[in-house]
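My notes follow as numbered points.

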Amino acid sequence: MNCSRVLSPLRRSVLRRFLHGKPQIKINGKVYDEHPEYTNVSSTVLNLSDRSLHLKPAHPVGILRKQIEDKLNSTSNSFQLYNNFRPVVTVEENFDSLGFPQDHPGRSKSDTYYVNDKHLFRTHTSAHEVECFGNIQEFCPKVTSKTPTEKPGFLITADVYRRDEIDRTHYPVFHQMEGARVWRRSAEKCADGQEPLHIQKMRHDLAKLEKQLREESGNLVVQDDVSLEGNPKQSYMSDLEVDLCSQHLKRSIELLVAQVFNKKLESMGCKKSEAEFQVRWIKAYFPWTTPSWEIEVFWQGEWLELCGCGVVREQLLLNAGYDKDSTIGWAFGLGLDRIAMLLFEIPDIRLFWTQDERFHSQFREGQITKFKPYSKYPGTTRDVAFWLPQTQEASTLSPIHENDIMEIVREEAGDMVESVKLIDQFTHPKTNKKSFCYRINYQSMDRNLTNNEINEIQENVRRELVQKYNVSLR
Ligand code: PHE
């Protein structure tokens with residue numbers, strides 16, 4: 001994509017301003033210089049960035065957050081809560097500090113909303129791991145943190161941002177909860193022949209968790225993956241440490257998943273003793289954890305991915321200011337929106353963002369209740385077909401990323417777009433020109449749309465495609 005030709009996506013935003021002719025953006029009270037090649041944040045995203053749905057006590061995302069926090073803190077009160085981190089972070093925080101390679105696809109402008117070359121809208125809550133690990137006072141001797149905590153773990157909930165497709169489960173903003181826990185290592189051998197203190201502590205913490213799981217979640221069936229083949233341990237940790245740390249991580253996540261889904265089963269009138277449900281652990285890869293896994297739950301006939309996690313790489317702890325060989329720990333990142341959709345039976349992710357009282361009045365703090373659709377408004381589809389510009393076709397790179405099309409529709413239609421799908425694609429045999437056809441389904445969650453307003457939006461989408469990417473409409 002030729003960025004220099006692309007107009008700023010913020011052309012209509014009230015948040016855009018100029019200083020000595022240089023464009024700047026104001027986000028949550030802070031001013032950032034735009035960058036001619038990097039800035040791709042849209043006004044849609046800017047306008048959503050101060051909503052903090054996870055802090056609303058009677059919003060499905062807020063209810064779920066509170067429920068998980070209470071559960072994880074119920075046994076040990078070990079987790080410091082962070083719920084107010086601002087969405088703009090540095091490239092260093094989001095990628096570099098976690099060991100993402102320079103060519104990782106997550107860094108690309110087609111996937112991530114950049115404010116400028118150094119700042120972006122966080123793509124995950126892991127962006128705050130280094131800072132929060134650094135706040136754990138007892139563990140982090142070098143850094144004098146501004147917000148020290150005594151607790152050996154933390155939970156961070158926040159809105160995260162990714163450029164993505166448009167359909168009922170994808171929205172440019174969604175929510176994650178990051179969890180982490182550390183243990184300080186003591187000398188390998190104790191004088192009286194006992195195991196080192198941290199091993200005793202880990203065994204104790206794990207036993208508590210296992211007891212709680214047995215008592216509360218006898219209906220949970222776990223398919224574990226304990227082999228470390230292709231999922232290596234770190235050399236500074238003993239096999240026993242890796243085993244205890246991994247088990248504590250897995251059992252903590254199982255506990256929170258079990259409680260969330262058992263609450264749902266209960267609200268559906270199922271008895272826990274009769275309603276088994278399954279989860280499975282699968283090997284995964286994240287640059288800052290090893291070994292790493294994902295957990296999936298089998299729900300209504302489908303395996304649903306819930307959460308990535310792993311044993312934290314020592315480099316991350318060193319980045320946070322820890323002493324070498326001093327500490328071991330785990331981290332996870334849980335997606336909240338899909339779970340909330342399933343628990344509250346919400347058919348379209350856009351509903352989370354509606355301001356309609358008919359949505360909000362349905363939910364109560366601390367309760368999982370089934371969403372009652374207030375009315376289904378009809379949708380209308382419109383197709384847009386175009387040839388890619390000739391000059392760009394020779395290049396091997398895709399000249400327009402599909403997410404760029406999604407962004408244009410999102411900017412023009414806001415929450416009136418339900419989905420956008422590629423329905424046809426071909427290359428002309430003689431001219432070698434490439435054609436694409438996208439089908440846009442316009443449908444509001446809150447009201448009927450008129451033909452006139454849809455036509456106007458569709459015209460704007462077509463005009464923007466031509467202006468930004470020089471396509472020839474068909
Ligand atoms: N941040 C990761 C994601 O968004 C999840 C994760 C968090 C994985 C912490 C490992 C440890 O996919």
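The points below take the ligand, then the pocket, then the cavities.

1. Basis. The model is predicted, with local features needing pLDDT of at least 70 and side-chain atom pairs counted only at pLDDT 80 or more, while totals for chains, interfaces and linings use all residues. Residues are numbered from 1 along each chain as its sequence is written, and side-chain values use heavy atoms, with hydrogens and water left out.

2. Ligand shell. The ligand has 14 residues around it, of which His124, Ser126, Arg162, Gln176 and Glu178 come nearest (near: a heavy atom within 4 Å). The shell holds 5 nonpolar, 6 polar and 3 charged residues. In this count, Ala, Val, Leu, Ile, Met, Phe, Trp, Tyr, Cys and Pro are nonpolar, Asp, Glu, Lys and Arg are charged, and the others, Gly among them, are polar.

3. Polar contacts (pairs of N or O atoms within 3.5 Å). A polar side-chain atom of Ser126 is 2.8 Å from a ligand nitrogen, and an N or O atom in the His124 side chain is 3.0 Å from a nitrogen of the ligand. On Gln176, a polar side-chain atom lies 3.0 Å from a ligand oxygen. Of the 330 Å² of accessible area that the ligand has on its own, the protein covers 88% (Shrake-Rupley method, 1.4 Å probe).

4. Strands at the ligand. β8 (173–184), β12 (302–312) and β13 (327–335) each supply at least two shell residues; β13 gives the most, with 3. Strands are DSSP runs of E of at least two residues, and helices are runs of H or I of at least four.

5. Where does the ligand sit? It sits in the largest pocket, meaning that more than half of its atoms lie within 2 Å of the pocket's grid points. A pocket is an open set of points on a 1 Å grid over the protein atoms alone, with protein on both sides within 12 Å along at least five of seven lines; lining residues have an atom within 4 Å of a point. This pocket contains about 1000 Å³ of space. Its lining has 43 residues, and Thr123, Arg162, Phe174, Gln176 and Glu305 are closest to the centre. β12 gives the most to this lining, with 6 residues.

6. Cavities (sets of points where a 1.4 Å probe fits but cannot get out). There are 3 of 30 Å³ or more. The largest has a volume of about 100 Å³, and α2 (60–76), α5 (197–216) and α6 (239–267) each supply at least two of its lining residues.

Methods: A polar contact is a pair of N or O atoms within 3.5 Å; within protein, one must be able to donate a hydrogen and the other to accept it, and residues adjacent in sequence count only if both atoms are side-chain atoms. Grid points are joined across faces, edges and corners, and a volume is the space filled by probe spheres set on the points.
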